[in-house]
Amino acid sequence: MATCKHKPCAVLPKFKGKSGTQKTSFYPAELWEEDHGGKPGLYRVMIGEKWHTRPGESVSFFTVQGIGRLILHHLSKGLDVEQKQPGVLPDIPVRTPVSYWPHDETQPTASYTKTAPFRDSHGEWRVWIYYKDNPILLADLNYREDTRMETHDDEK
């Protein structure tokens, strides 16, 4: 059973009935900045008495879009209605130069996007980048200047 010494910044009540839901609590990620790299603008989520995590992660932080998706799922399940899938893609082309600063590293990693952005199972935008084994949240990336030298026909 998970416990938390912090008070949540928001709580969704438990729904009763045939398709009931568990209480869902939201915590600012910066409460775990030192231990797990939580950043302002992200949130940690507890559903019932368990921390909600993505597959393969021991601690997960969610963007506002991911929180919105969790809230929509909570309400849809509690009201016993089917939810519609969201649609619009961010406009980030493949091979866009980006930098990513993992929590456990002292320098940002310079990379490029390998795929077009996609929504994960929580409705958050992710993209595959070079030098990483997992897709990265778009919110964790920064654009950077392309340092590759381009040769033009008129310079030869």
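These legends describe close-up views of charged side chains in a predicted model. Residues are numbered from 1 along each chain as its sequence is written, and side-chain values use heavy atoms, without hydrogens or water. Local features need pLDDT of at least 70 and side-chain atom pairs pLDDT 80 or more, whereas totals for chains, interfaces and linings use all residues.

**View A. Salt bridge between Lys-39 and Asp-140.** The two side chains meet at 3.7 Å, N to O; a salt bridge is a side-chain nitrogen of Lys or Arg within 4 Å of a carboxyl oxygen of Asp or Glu. Lys-39 lies in the loop between H1 and strand E3 (43-47) and Asp-140 in the loop between strands E9 (136-137) and E10 (141-143), so the pair ties together parts 101 residues apart in sequence. Helices (H or I, at least four residues) and strands (E, at least two) are DSSP runs, numbered from the N terminus. Lys-39 is partly exposed at 31% relative accessibility, while Asp-140 is buried at 19%. Buried means under 20% relative accessible area, exposed over 50%, and partly exposed in between (1.4 Å probe, protein chains only).

**View B. Network of salt bridges.** Arg-54, Glu-57, Asp-120, Glu-124 and Arg-126 are linked in this network. Arg-54 and Glu-57 meet at 3.1 Å, N to O. Arg-54 is buried, with 7% relative accessibility, and Glu-57 is partly exposed, with 31%. In the salt bridge of Asp-120 with Arg-126, the closest N and O atoms are 2.8 Å apart; both residues are buried.

**View C. Glu-33 in helix H1.** The helix covers residues 33-36. Glu-33 is partly exposed, with a relative accessible area of 46%.
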